[in-house]
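Hello,

I am handing over the structure below. Please open it first, then read my notes alongside.

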Amino acid sequence: MPRDRVLAYGAFAIVCTVWGTTYLAIRVAIETLPTFLLAGVRFSIAGAILLTLCALAGQKIPTRIADWWNLTIVGLLLIGVANVAVVWAEHYITSGFTALLVATAPFWMATIESMRRNGERMTRRKLGGMIVGFAGVALLVAPDLRPSSFNAKFLLGVLALQIGAICWNLGSVRSKYHPVAASALVAAAIQMLTGGLVVAAIGLMLGEADEFRFSTRSLIAFLYLLVFGSIVAYGAYVYALSKLPTSTVSLYAYVNPTVAVVLGWAILGEPLGWRSFASMAIILSGVALVQSRRAPLDAGARAAAEVEIPVATELAAAEQRSA
């Protein structure tokens, strides 16, 4: 096998594992870090570092205000809403369950694409996949709907994740159909920088500065999210996408929830019973149906993957995640 092919599969393995671990890292980071400043500071720094590296490498930085405005809108959707939703939801939902719920993002992508003029139409296969996937979500949240154990915050977290997934895909669609004159890495850096700065400003206005403090655990988690979740994994994703078929790279969306669920159970002692496995199997089966024969949408995932939600995408995509 050619060397670049081996490196590409290595990069793909990084994407599959690292983006799955960000849910655990977020869960640990929020032990001492507030929601908006965690996301805002993380992505502001990551965006600034990545943009600096791109500039030093001689990559073209956009100069048109319209390009910066477009990338800022995408950054606000992906980071300001989608990733913040993941961080906020993890106060009330386990990291593993969060990853499973973020895995519904492809359902929203299919819906948004079908509503767009000249977009890919909704087929019976996709509709069936959405029904199957949301049946998995229903199984996951069912115990918290019983009057005897009703958990309003858990359900609000579920709602926030779905709103985040919708905004993640709105940002993905905008990024796909409103491209700028810049490389994918430069575009991602600007999205992270501008989106992160806005989120950080909101956190400061909400008075989160008084709550922003590090413990040893949260500092390690923060640095992990900054370096590996926001810079390394995305770089690996872009490289893998340039060398491997898009359909192959998109399979990370199936691996991330499994990684998140297992790590949450092994490290944080999160519950892992038959309901978790059954929900995972049902949701990912629905995702498989929705993603089949959707190459045009998979190509759009390139622009959406800079924050983790993948799973989700992200994210779902994946770290709305993506994280």
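**What I found**

Start with Cys 16. It counts as buried, because its relative accessibility is 7% and the cut-off for buried is under 20%. Please keep in mind that this is a predicted model. Cys 54 is also buried, at 3% relative accessibility. The structure holds 0 disulfides.

**Helix H6**

Next, go to helix H6, residues 124–141. This helix has 18 residues. From its first C-alpha to its last it reaches 26 Å, close to the 26 Å expected at 1.5 Å a residue. Which residues of H6 are buried? They are Lys 126, Gly 129, Met 130, Gly 133, Gly 136, Val 137, Leu 140 and Val 141. Look down the axis of H6: the buried residues fall within an arc of 130°, so they line one face of the helix. The spacing has a general background. An α-helix has 3.6 residues a turn, so residues three or four places apart point the same way. Now turn to the other side of H6. There, Arg 124 and Ile 131 are exposed.

**Helix H5**

Helix H5 covers residues 105–115 and is mostly covered. Of its 11 residues, 9 are buried. Among them are Ala 105, Pro 106 and Phe 107. Met 109, Ala 110, Thr 111 and Ile 112 are buried in H5 too. Glu 113 and Ser 114 complete the buried set in H5.

**A nonpolar patch on the surface**

Leu 76, Val 198, Ile 202, Met 205 and Leu 206 form a nonpolar patch on the surface. Together they have about 440 Å² of accessible area. Which helix gives the largest share of the nonpolar patch? Helix H8, residues 184–205, does, with 3 residues. Met 205 is found in H8. Met 205 is exposed, because its relative accessible area is 69% and exposed means over 50%.

Last, find Ala 221 in helix H9, residues 216–243. Is Ala 221 buried or exposed? At 7% relative accessibility, Ala 221 counts as buried. Ala 221 and Ala 29 are 192 residues apart along the chain. Their C-alpha atoms are separated by 5.4 Å.

**Where to look**

For a quick tour, take H6 and view it down its axis, with the buried residues on one face. Then show the patch residues, including Met 205 and Leu 76. Finish with the pair Ala 221 and Ala 29.

Best wishes

Technical notes: Residues are numbered from 1 along each chain as its sequence is written. This is a predicted model: local features need pLDDT of at least 70, side-chain atom pairs count only at pLDDT 80 or more; totals for chains, interfaces and linings use all residues. Side-chain values use heavy atoms; hydrogens and water are left out. A disulfide is a pair of cysteine sulfur atoms within 2.5 Å. Buried means under 20% relative accessible area, exposed over 50%, partly exposed in between (1.4 Å probe, protein chains only). Helices (H or I, at least four residues) and strands (E, at least two) are DSSP runs, numbered from the N terminus. The expected span of a helix is 1.5 Å times one less than its number of residues. The arc is that of the directions from the helix axis to the C-beta atoms. Patches are made of residues with over 30% relative accessible area and no salt bridge: like charges are joined within 9 Å, nonpolar side chains (Val, Leu, Ile, Met, Phe, Trp, Tyr) within 5 Å. Accessible areas come from the Shrake-Rupley method with a 1.4 Å probe; for residues, only the protein chains shown count as cover. A salt bridge is a side-chain nitrogen of Lys or Arg within 4 Å of a carboxyl oxygen of Asp or Glu.
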